[in-house]
Amino acid sequence: MASTNDLKNGMVLKLDNDQLWSVVEFQHVKPGKGPAFVRTKLKNVLSGKIVDKTFNAGVKVETATVDRRDMQFSYMDGEYFVFMDMQTYDQLHVSRAAVGDAANFLIEGFTATVATHEGEVLYVELPAAVELVIQETEPGVQGDRSTGGTKPATLETGYTIQVPLFITTGEKIKVDTRSGDYLGRVNS
């Protein structure tokens, strides 16, 4: 348990029927009249939904311990992604639901942050950008257009993104893991 006066960004709270909420923003407010309160912006750890919630100052809230560890993606075992803890070499089987959209950018050997609470995997977080090789893309055809054109390209993970026309098969590119956008070429 913690007081609302002790809130910090990134702290995880257990509210509303044991749902986990991460503190995105908080502000202590002391109005001229009436009691002080804390205005917060909370993000649901599992769904990503963001809500505004106000607490009276000094109220006790239940905190949750979320363990975040950097783990290396080893291989697929059926429907499960197997991650290895680099300190203990323990292996952790993570469901596709917990991996979410990160599955589109995961290849063997990548390091990701795996968040767990009481032994249950909450989510897998990749770095903001990863470097991947273009598996297949059509040759770019120049035409008359006013802006730079794009074409679909299949990454080595099997995921398809839009890339500029000058990108060719076999090139290594940088991809934003949050949006799936092309960020640039990687010079080898």
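Tutor: Gladly. Keep in mind that this is a predicted model. A search of the whole structure finds 3 aromatic pairs. Phe73 and Phe81 make a tilted pair, with 5.6 Å from centre to centre and 50 degrees between the planes.

Student: Why does a pair with 50 degrees between the planes count as tilted?

Tutor: Planes under 30 degrees apart count as stacked and those over 60 as edge-to-face, so whatever is left is tilted. The 50 degrees of Phe73 and Phe81 falls in that remainder.

Student: Are Phe73 and Phe81 buried or exposed?

Tutor: The cut-off for buried is under 20% relative accessible area. Phe73 is buried, at 5%. Phe81 is buried too, at 4%.

Student: What is the geometry of the pair Phe105 and Tyr159?

Tutor: That pair is edge-to-face, because the planes stand at 75 degrees. The ring centres are 5.3 Å apart.

Student: How accessible are Phe105 and Tyr159?

Tutor: Phe105 is buried, with 3% relative accessibility. Tyr159 is partly exposed, with 29%.

Student: Which residues form an aromatic cluster?

Tutor: One cluster is made by Phe73, Phe81 and Phe83.

Student: How many bridges join strand 2 and strand 6?

Tutor: Strand 2 (residues 12-15) and strand 6 (residues 60-63) pair over 2 bridges, in the antiparallel sense. Within this pairing, look at Leu13: Thr63 in strand 6 stands opposite.

Student: On to pockets. What is the volume of the largest pocket, and what lines it?

Tutor: The largest pocket has a volume of about 740 Å³. Its lining has 29 residues, and Lys43, Val45, Tyr123, Val124 and Glu125 lie nearest the centre. Strand 3 (19-29), strand 4 (37-44), helix 1 and strand 11 (120-125) each supply at least two lining residues. Strand 11 gives the largest share, 4 residues.

Student: How does the lining of the second largest pocket divide?

Tutor: Into 3 nonpolar, 3 polar and 4 charged residues. The volume of this second largest pocket is about 160 Å³. Among its lining residues are Lys14, Asp18, His117, Glu118 and Glu120. Strand 3 and strand 11 each supply at least two residues of this lining.

Student: Last, a single residue. Which residues is Ala98 in contact with, beyond its neighbours within four places in sequence?

Tutor: Ala98 lies in helix 1. Ala98 is buried, with a relative accessible area of 13%. Its contacts beyond those neighbours are Val121, Leu122, Tyr123 and Val124. A C-alpha distance is another check: Ala98 and Ala115 are 17 residues apart along the chain, and their C-alpha atoms are separated by 9.7 Å.

Conventions:
Residues are numbered from 1 along each chain as its sequence is written. This is a predicted model: local features need pLDDT of at least 70, side-chain atom pairs count only at pLDDT 80 or more; totals for chains, interfaces and linings use all residues. Side-chain values use heavy atoms; hydrogens and water are left out. Rings of Phe, Tyr and Trp (its six-membered ring) pair if their centres lie within 6.5 Å; planes under 30 degrees apart count as stacked, over 60 as edge-to-face and the rest as tilted. Buried means under 20% relative accessible area, exposed over 50%, partly exposed in between (1.4 Å probe, protein chains only). Two strands pair if DSSP finds at least two bridges between them. On a 1 Å grid over the protein atoms alone, a cavity is a set of points where a 1.4 Å probe fits but cannot get out, and a pocket is an open set with protein on both sides within 12 Å along at least five of seven lines; lining residues have an atom within 4 Å of a point. Grid points are joined across faces, edges and corners, and a volume is the space filled by probe spheres set on the points. Ala, Val, Leu, Ile, Met, Phe, Trp, Tyr, Cys and Pro count as nonpolar, Asp, Glu, Lys and Arg as charged, and the others, Gly among them, as polar. Contact means heavy atoms within 4.5 Å.
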